[in-house]
Amino acid sequence: MLREGTREVIITSCCHTVNLLVEKYFPSLLGCLAPVKSPMHAHCEDIKRRIPDAVTIFIGPCLSKKDEAYSASIDAALTFEELSEMFDRRGIVLEKREDGGDGGEGGRARLFPVAGGILESMTYKNPDYTYLIVDGIDNCLDVLRDIEAGGLGRCFIEMSSCTGSCVGGPIMEKYRNSPVRHYRAVTTYAGESDFDISQPDPSRLIIERVARVPKREMPTEDEISEIMRKMGKISPANILNCGTCGYDTCRDKAIAIWQGKAEISMCLPYLMEKSERFSNSILDNTPNGILVVNESLEVQDINPAAMKMLNIRYKSDVLGEPVVRLMDPTPFFDAIEGKRPIQGKRSYFAEYGRYLEQTMVYDRTSGSVILLLRDVTDEEKERAKKADISRQTIETADRVVERQMRIVQEIASLLGETVAETKIALTKLKESVEHDDR
Ligand code: SF4
Ligand code: SF4
């Protein structure tokens, strides 16, 4: 293409994300995209041609290669992360060795995954063209818009959607994003010239690029308003247009939701507000009392249940006040000093006329001590009542037993007297009978 010099702009087609970007969002620039298969596509096809039964699996740092593999009939595309997980699951540990391949003089194509690597591996450069390296999605978008607007001509652009090209790919970034180290590693293993292999017929490398413009129907104003309402964007104070979600305005985001490209939850202020509302609702409605103090032992928050237990009328009466005004601060000190935390301890608070069960948690990150209170007055009174009834029952039983014992003793003594008298009478009778016989 460079030798022919007929194209105004040539954009490389190694990066599938760039190809998709042009096919979907810049269809007017399809003619600028080189109609050349990516290295992955060309290589896998070549393997299949030479070894028809081969299974081809691409392994790399790229997610969009999965989409390309699907559309290019490549058997599978794995990320480095997936490969490592497979090794870990099977307990496979790779032995590190010196590069045994032809990485010395040959292997210039190994420069492909770094920004500028494609340009460096080219043997011919038409002097009529300007050669540019564009990496990072924002830069790609700017340049594509510029070309569309007619601002760029007679240039050859190596375009990669990831910053630093594939060595800065999404799965590389997750672990150790060090573009300079990656660049150095790649260039160390790349040689000055090409591998000594026969090149495929150029006709086999050609691919037709077609527009895949997504259908972009627009919602009505009512539909946008309804989605904005669901997003909690109902007043100017909520419509922050902060761009955190990736859309310039909340309205753009609402349209994207309607088009199925975004979700309501992709809004940080919305999530924060929702989680705040959720926690407030729990705090306000739980029957358990919650009292929060800071490390200076000043009250930071108190919920309605705790206010009721501690006879507090207005929150403002205690906020910022020392907790000693409400209760003994010793357990709070202990919690901060890392002593054994209180768990379900029941105490009687005479000033409030209540038994309260206390559990204390120290959150080191926020420097807060959280006291959870449960009013167990009714339970304790019921327990005391039951204990009283048991005591009375035992006393009654003791009395009955004692009386019974007395009666038994009296009967026994009466029986003893009667037996003695009977014995005397019988002895006398026996003696008189013996006397008569003589
Ligand atoms: S630059 Fe990024 S998106 Fe493009 S092919 Fe490389 S890893 Fe994939
Ligand atoms: S993150 Fe939320 S508030 Fe910010 S622009 Fe997006 S929708 Fe609007």
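Reply: Two helices, α10 (250–258) and α11 (268–285), each contribute at least two residues to the shell around ligand 2. Helices (H or I, at least four residues) and strands (E, at least two) are DSSP runs, numbered from the N terminus. This is a predicted model, in which local features need pLDDT of at least 70 and side-chain atom pairs count only at pLDDT 80 or more, while totals for chains, interfaces and linings use all residues. Residues are numbered from 1 along each chain as its sequence is written, and chains are lettered from A and ligands numbered from 1 in the order in which they are written.

The shell around ligand 2 holds 13 residues, of which L240, C242, C245, C250 and C267 come nearest. A residue is near a molecule if its C-beta atom, placed from the backbone, lies within 6 Å of it. By class, 9 of these residues are nonpolar, 3 polar and 1 charged. Here Ala, Val, Leu, Ile, Met, Phe, Trp, Tyr, Cys and Pro count as nonpolar, Asp, Glu, Lys and Arg as charged, and the others, Gly among them, as polar.

The largest contribution to this shell comes from α11, with 3 residues. From first C-alpha to last, the 18 residues of α11 reach 26 Å, close to the expected 26 Å; the expected span is 1.5 Å times one less than the number of residues. α11 is hardly covered, with a count of 1 buried residue among its 18. Buried means that 20 or more other C-beta atoms lie within 10 Å of the residue's own, with C-beta atoms placed from the backbone.

For comparison, ligand 1 has a shell of 5 nonpolar, 7 polar and no charged residues. Among the residues surrounding ligand 1 are C15, H16, C62, C162 and C166.

As for the whole, the protein chain has 14 helices and 10 strands. Buried residues make up 21% of its 438 residues. Along its principal axes, the C-alpha trace of the protein chain spans about 165 × 70 × 45 Å.

Methods:
A residue is buried if 20 or more other C-beta atoms lie within 10 Å of its own, exposed if 12 or fewer, and partly exposed in between; C-beta atoms are placed from the backbone.
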